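Try each task before reading its solution.

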Amino acid sequence: MKNYPIWKSFTVISLVLLGIIFSIPSLVYDENSENWFLKNKINLGLDLQGGSYLLLEVQLDVLYDEELENFSDSIRLLARDNQTKINQINTQNNEVIVTFNNNNKIDEIKNSFFQMYRGISLQVSNNQLTIKLDDLYKKTIQDSAIKQSLEIVRKRIDESGTKEPLIQRSGKKRILLQLPGVKDPERIKELLGKTAKLTFHLVDDENIDALNANIEPFGKMIVSDIYDDKIKYLLDKRSLVGGENLVDAKGSFDQTEGHAVSFRFDTEGAQKFGKATSNNIGKRLAVLLDGVVITAPRINSAITGGSGIITGNFNAQEASDLAVLLRAGALPAPLEIVEERSVGAGLGADSIAAGKIAAFIGMMLVCIFMILIYGSFGAIANVSLIANIFIIISLLGTIGATLTLPGIAGIVLTIGMAVDANVLIFERIKEESLKNTKVFQIVKNGFDRAMSTILDANITTLIAAVLLFAFGSGPIRGFSITLSLGVIASMFTALMLTNFLLYLYLSITKKKELVL
């Protein structure tokens with residue numbers, strides 16, 4: 001084509017064809033398709049395809065109580081090291097009050113404790129030490145727990161196979177969870193309802209009297225069986241190894257016990273587990289999940305390979321779900337569902353239909369307007385507009401973006417904005433036609449003069465859209481994604497595709513002058 005580089009023609013044609021090809025999966029939407037190509041389609045959000053909405057609250061009081069219990073245990077150990085007797089330990093109103101037999105070593109104990117828990121509030125009065133959870137320390141615990149809970153919830157949801165969930169913080173201690181396409185959230189609720197804190201403890205089978213009297217000696221704890229709360233175990237309070245050292249867990253099958261969960265530790269966990277089993281052959285090792293014993297097998301030989309199996313009365317689904325929980329890690333605190341809603345797909349279907357109608361009517365009116373004002377040049381702009389829609393759809397499908405109702409609004413808005421650049425170009429061409437007679441030179445000058453204005457307008461819009469995505473959430477992000485992709489597609493179709501089509505049109509028609 002005259003006056004137009006071949007590489008530019010090839011680039012424009014290739015990108016437009018790719019846009020059309022990769023928009024096909026979204027246009028011929030088939031949820032059950034196994035074709036790899038047809039899977040690259042736009043994912044529909046909760047408001048379009050229905051699903052489940054859950055609002056979870058992190059039970060921070062449990063964390064505070066655990067922290068106070070840790071304080072008490074640490075004080076007991078420090079008192080023993082300093083050969084000081086403790087008369088009483090009271091826990092109330094987010095503080096631990098420790099009464100010693102005397103105050104001879106109370107300053108040493110206080111300093112040692114402060115080295116272990118920096119930032120904690122400590123007060124000494126005679127032979128009493130008061131440890132208080134102040135607001136700043138509680139806020140540190142809260143922020144850490146929310147961040148950790150968000151990450152673990154995300155892992156558990158991803159492991160369950162849910163597509164394109166929305167997981168984000170809501171307020172000070174809540175997590176918002178939207179699950180598009182999930183009609184029955186019971187399994188998800190069950191996965192999220194378990195803290196999944198896994199620990200391994202030695203069983204004390206010698207102190208039967210304390211167990212029968214329901215008395216917990218120092219350093220011991222009494223724990224119930226998961227299947228029968230009448231069955232009790234006296235365990236060492238200190239765990240030999242914990243779930244934080246797990247690197248993998250999956251459902252498996254044991255020839256004698258049936259469905260089970262096989263697990264594998266990291267290097268540190270393998271060393272701890274190997275040492276624990278080597279030193280305690282003949283004793284029982286209890287596996288605790290969320291504070292109850294799921295199994296307590298006897299150690300027959302040292303397990304030094306860093307792997308093993310957890311058996312119990314599992315079925316296949318329970319074993320699989322437990323493996324998911326263990327792989328994702330333990331929640332720092334339990335999650336309570338404070339709000340639950342099921343969103344039907346009917347509203348989504350209506351929204352999609354309304355969005356299609358709005359987009360079609362908007363595009364038709366824009367096309368008619370462009371033809372009435374700019375004639376054949378307006379028709380060329382309309383071709384670019386249609387290509388722009390295909391490119392946006394293909395980009396949304398390729399990157400796996402989630403389309404929401406505000407996202408549809410962003411696409412409709414893009415249709416109106418897409419011809420702005422063409423209007424600027426045509427007006428510049430009209431001005432150039434008054435002082436130049438060579439048609440190709442007129443078109444070139446028109447594009448060159450309009451380019452800076454087009455780039456300025458679109459880049460500022462793109463910056464605003466990126467900021468909306470960075471600082472917004474939910475519906476705002478859906479709008480910003482389609483707006484961003486629309487701006488990028490509009491710049492390409494206006495500056496490259498329209499340019500190519502104009503040169504092609506002038507080469508075919510061999511016009512000697514331009515009339516706009």
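**Exercise 1. Find which element gives the largest share of the lining of the second largest pocket, then describe that pocket.**

Step 1. The largest share comes from α10, with 6 residues. Helices (H or I, at least four residues) and strands (E, at least two) are DSSP runs, numbered from the N terminus. This is a predicted model: local features need pLDDT of at least 70, side-chain atom pairs count only at pLDDT 80 or more, and totals for chains, interfaces and linings use all residues. Residues are numbered from 1 along each chain as its sequence is written, and side-chain values use heavy atoms, with hydrogens and water left out.

Step 2. On a 1 Å grid over the protein atoms alone, a pocket is an open set of points with protein on both sides within 12 Å along at least five of seven lines; a cavity is a set where a 1.4 Å probe fits but cannot get out; lining residues have an atom within 4 Å of a point. Points are joined across faces, edges and corners, and a volume is the space filled by probe spheres set on them.

Step 3. The second largest pocket holds about 730 Å³. Its lining has 22 residues, and L27, K356, I393, L403 and I411 lie nearest the centre. α1 (6-27), α10 (345-374), α11 (376-398) and α12 (405-418) each give at least two lining residues.

Step 4. Sort the lining by class: 19 nonpolar, 2 polar and 1 charged. Here Ala, Val, Leu, Ile, Met, Phe, Trp, Tyr, Cys and Pro are nonpolar, Asp, Glu, Lys and Arg are charged, and the others, Gly among them, are polar.

**Exercise 2. Describe the largest pocket: what is its volume, and which residues are closest to its centre?**

Step 1. The volume is about 1400 Å³. Of 41 lining residues, E66, N70, K197, T199 and S239 are closest to the centre.

Step 2. α3 gives the largest share, 7 residues. By class, the lining has 19 nonpolar, 11 polar and 11 charged residues.

Step 3. Domain 2 (61-138) and domain 3 (200-316) each supply at least three lining residues. Domain bounds come from an automatic or database domain assignment.

**Exercise 3. How many cavities of 30 Å³ or more are there?**

Step 1. The count is 1. The largest cavity has a volume of about 30 Å³.

Step 2. Its lining includes A381, S384, N422 and T498. α11 and α15 (475-509) are the elements that give two or more residues to this lining.
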